[in-house]
Amino acid sequence: MSDPYMPLSSVRSGMGFEAAKGVHGLTVQIVNVYFVQNPSQPHEFVLIDAGMPKSAGMIIKEAKQRFGDNCTCKAIILTHGHFDHIGAIEEILEQWKVPVYVHEKELPYVTGQEDYPPARPDSKSGLVAKLSPLFPRHSINISSHVHTLPEDGSVPFLEEWEWLFTPGHTPGHVSLFRESGRVLLAGDAVITVEQESLADVVIQKQELHGPPAYFTMDTALTSESIQRIAKLEPEALLTGHGIPMTGRNYSKDLSALAERLSAIT
Ligand SMILES: [Zn+2]
């Protein structure tokens, strides 16, 4: 059974946007999904994350508008299994029979074996943090579709991309990186809005932050992952939450964020 529609939203919900060359974004209420186009087959794409509950129609419509009615989704890659990144996946898989890839440490949360731990509403101030115990945290079971990401760091169907292990927010969180354009698909490893604040989420105020604190399992590990991302010297941060930041080298900002987070652990 899929989760019910959640009324939490933002002014950008339903907006599609060109996030980077060959990468199309869509804001679904309070979270972003990304479509990465196959450069040699323009009707083919890989979907990164799967939005909020009840958003399958919105995601599929966006894909058709962007890539054509006969477009083909080749695979879905999940940065992690939180409810706002897998919300529509069961309904999407009813229409697109495609493989889903996750890190092996995230497998228990998408194969019905383990639930995420309870939210921590007092981890940081803010109304979304206070509401977080209401968010679903149970495991889904998409065992018949799910595969682990290749150990060599390659990304299925996306030749130019590599995946990077960025644990902390969850045990098997991954980010994706493309050298060309130095583009990072960050999931929740770093985000560009203060996700704990309802006002900031609604207007999508752009600011670099660590992952949503109420759902982050290990802040020290999160900080290490952000340092690893900083070393890539990304010039486009396409995040799970918030408006992407593009146009310059974000290495120093990321290092400073990692240091701030490690100071509070
Ligand atoms: Zn998350």
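The zinc ion is held by four residues, His80 (NE2), His82 (ND1), His169 (NE2) and Asp188 (OD), at 2.2 to 2.3 Å. The model is predicted.

**Zinc site**

- The angles among the four donor atoms run from 89 to 176 degrees, and the site is irregular.
- Along the chain, the donors are spaced as H-x1-H-x86-H-x18-D.
- His82 sits in the loop between strand E5 (72-77) and helix H2 (83-86), while Asp188 sits in the loop between strand E11 (183-187) and helix H6 (198-203), so this pair ties together parts that are 106 residues apart in sequence.
- Both His82 and Asp188 are buried.

**Strand E12 and its side chains**

- In a regular strand, side chains alternate between the two faces of the sheet.
- Strand E12 covers residues 236-239; Ala236 and Leu238 point one way, and Leu237 and Thr239 point the other way.
- All of these residues are buried.

**Partners of E12**

- E11 runs parallel to E12, and four bridges join them.
- Across this pairing, Leu184 stands opposite Leu237 in E12.
- Strand E13 (residues 245-246) pairs with E12 in the antiparallel sense, over two bridges.
- In that pairing, Ala236 stands opposite Thr246 in E13.
- E12 and E13 form a hairpin with five residues between them. Gly242, in the turn, has a positive phi of about 95 degrees.

Terms used. Residues are numbered from 1 along each chain as its sequence is written. This is a predicted model: local features need pLDDT of at least 70, side-chain atom pairs count only at pLDDT 80 or more; totals for chains, interfaces and linings use all residues. Side-chain values use heavy atoms; hydrogens and water are left out. Donors are N, O and S atoms within 2.8 Å of the metal (3.2 Å for Na, K and Ca); water is not among the atoms, so sites may look incomplete. Four donors count as tetrahedral if all angles lie between 85 and 135 degrees; four count as square planar and six as octahedral if opposite donors are over 155 degrees apart and all others between 65 and 115; anything else is irregular. Buried means under 20% relative accessible area, exposed over 50%, partly exposed in between (1.4 Å probe, protein chains only). Two strands pair if DSSP finds at least two bridges between them.
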